[in-house]
Amino acid sequence: MRNVSMMTGAVKREVFHIIHCAALTGTIIFVISLGGGLGENNSIAFETEETLSSWEQYGFFLAAVLYVTRFLTLLCLPLALFNFWGLVLFNAFPDQPKTKIFSRRDHVSVPFVCFRVVTKGDFPQLVRNNILKNRNICEETGLEHFTFEVVTDKSISLVTSKKVRELVVPEDYATKSGALYKSRALQYCLEKEVNNLNDEDWIVHLDEETLLTSGCIKGIVNFICEGKHHFGQGVITYNNDEVVNLMLTLCDSIRVADDMGKLQFQLKVMHMPIMGWKGSYVISNVGAERDVSFDHGPRGSVAEDAYFGLMAASKGYSFGFIEGDMWEKSPFTIKDFLRQRKRWLQGLLLVVHSSEIPLRFRILLGCCVYATATAPLSTLNVFLQPLFPIQISRFVDLCGCFVGGVIIYMNLYGTFRSYTYSAKHVGIGKLLALFILGFVVQPFKYILEIIAILWGLVTPKNEFAIVDKNVEQNEMENTVSVVPSDANVTEILVTY
């Protein structure tokens, strides 16, 4: 009966994946038809006299704006292709790993795993609560050889034991290259006099609010025991545990789709985070991490995850995808949402302009970053294209519609994927309502994204914003505090 049930579940997920592929393709075709891309006269090949007609009709300035905004959409094409291939080539509704790693009598020797959390120390209760929850999950799942390590700028009075260690980064500690913020703390852990891990051990990097699941622990152990890769990452969802801001959680649904699409494709096929990856749910071999290091100066300290990933790839290290979800929270306030996106853009701009990383490893990420930076211009096509049609290559037209179709579908799929794998049962009616709401909030999401982009482009790129995800304290306080940074270069704004 159990085998029959497993087969039925596998068949159901295959059916879901086929429907998903059809829906993705249908969305793209619909957007192409909506944009007139399937018509015979909408877009034609470049011909001098036809191209000149647009310049003559609209004048040089307006025609230049129209052509630039249309061509800018091509910067999104690599990202859209990676997401499309990832969502089509791999089952979009996979089975989560089993909740039990091994039984006592069928014990498997697992390498030592260190779960490492880096914090400023501003939310001690949040960190303490999550360490307790995550430790209990590890023990319930059957993991034995593990420890939790909290790296903080100030003590959070953590009760230490063989399974829990607190490391306070000294105020006078400085790396050789002057790394800042999280990079500085992570590099401190790797110093010879501080590190107590062997090169054969493994580190799982977590954020303050990250919650483990039994499925991700099984996936981590499988990944480590396979021994094929030095680094790995999996899917993070944002709708489990307690949802504080439903609207912003739905805005983050596209990040789930991005994990299932781009992240899965680049790690399973290319075995490198060539288009970037996240800073949490990072699994790394200790020896490899020490070799790459986080000591890459201020330029590698704002988006330290992307910088580290490309540096590791340039050194020849291999990356893989990990099955099983981890849980995190979306920002609670619009202000925090904007600060988070602003920091991502500013940090990634520093990464793609770093000469320390070979150019061939920066090109694709550079396309993604500049696609984001120019999004305020490229999104004008939504309004300009119907009002001011121009003669342009059908290839450009189709590519723009393809990108738009993939992005629209990713928002919808991300919502569906999040809630079908939710720890809390969601009925068909509620799922449909969330699906519709996820579609409705998309314009609002892109308005916020554009505001964050413009903010990021006009402000200094040496800021590191910390987003408050402490539910208990958020309920008690409603103030804004400003904490001076240890390097006196920036200020960290925290909104409760």
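Visitor: Tyr-281, buried or exposed?
Guide: Buried: Tyr-281 has 0% relative accessibility in this predicted model.

Visitor: And where does Tyr-281 sit?
Guide: You'll find Tyr-281 in the loop between helix 9 and strand 6.

Visitor: What's up with phi there, at Tyr-281?
Guide: Phi is near 55° at Tyr-281, so you have a positive value in a residue other than glycine.

Visitor: What about His-271, which element or loop is that in?
Guide: His-271 is in the loop between helix 9 and strand 6, with the strand covering 282–285. Phi of His-271 is positive too, about 55°, although His-271 is not a glycine.

Visitor: How accessible is His-271?
Guide: His-271 comes out at 29% relative accessibility, and therefore counts as partly exposed.

Visitor: OK, back into helix 9. What's Gly-261 doing?
Guide: Gly-261 lies in helix 9 and is buried, with a relative accessible area of 0%.

Visitor: Which residues does Gly-261 touch?
Guide: Leaving out residues up to four places away in sequence, Gly-261 touches Phe-82, Asn-83, Gly-86 and Leu-87. Trp-85 is 176 residues from Gly-261 in sequence, yet their C-alpha atoms are 6.9 Å apart in space.

Visitor: How does helix 9 pack with helix 16?
Guide: Helix 9 runs over residues 253–270 and helix 16 over residues 394–420. Their axes are 7 Å apart, at an angle of about 95°. Angles of 65 to 115 degrees count as roughly perpendicular, and therefore these two helices are roughly perpendicular to each other.

Visitor: Which residues meet there?
Guide: On the helix 9 side: Ser-253, Ile-254, Val-256, Ala-257, Asp-258 and Met-260. On the helix 16 side: Ile-407, Met-410, Asn-411, Tyr-413, Gly-414, Thr-415, Arg-417 and Ser-418. By class, the contact of helix 9 with helix 16 has seven nonpolar, five polar and two charged residues.

Visitor: New pair: how do helix 12 and helix 18 cross?
Guide: Helix 12 (residues 334–352) and helix 18 (residues 442–458) cross at roughly 55°, and their axes come within 8 Å. That angle makes helix 12 oblique to helix 18.

Visitor: Left-handed or right-handed?
Guide: Helix 12 passes helix 18 in a right-handed crossing.

Visitor: Who's making that contact, between helix 12 and helix 18?
Guide: Helix 12 brings residues including Ile-334, Phe-337, Leu-338, Arg-339 and Leu-349. From helix 18, there are Phe-444, Leu-448, Glu-449 and Trp-455, among others. The residues of the contact divide into 12 nonpolar, two polar and four charged.

Visitor: Zooming out, how many helices and strands are there?
Guide: The protein chain has 19 helices and nine strands. Buried residues make up 56% of its 496 residues. Among contacts with a separation of 6 or more, 81% come from residues 24 or more positions apart.

Visitor: What's the average pLDDT of the chain?
Guide: The chain averages 87, with 85% of the residues scoring at least 70.

Visitor: Where does pLDDT stay under 50?
Guide: One such stretch is residues 1–6, for which the model has zero contacts beyond four places in sequence. Another is residues 39–51, where pLDDT also stays under 50, and that stretch has 24 contacts beyond four places in sequence.

Visitor: How should low pLDDT be read?
Guide: Where pLDDT is low, the predicted coordinates should not be read in detail.

Terms used:
Residues numbered from 1 in each chain as written. Predicted model: local features only at pLDDT ≥ 70, side-chain atom pairs only at ≥ 80, totals over all residues. Heavy atoms only, no water. Axes fitted to C-alpha atoms, helices over the stretch in contact; angles between N-to-C directions. Helix = DSSP H or I, 4+ residues; strand = E, 2+ residues; numbered from the N terminus. Parallel < 35°, antiparallel > 145°, perpendicular 65-115°, else oblique. Contact = heavy atoms within 4.5 Å. Nonpolar A, V, L, I, M, F, W, Y, C, P; charged D, E, K, R; others polar. pLDDT = per-residue confidence, 0-100. Left-handed = near helix turned anticlockwise from the far one by under 90°. Buried < 20%, exposed > 50% of the residue type's maximum accessible area, 1.4 Å probe, protein only.
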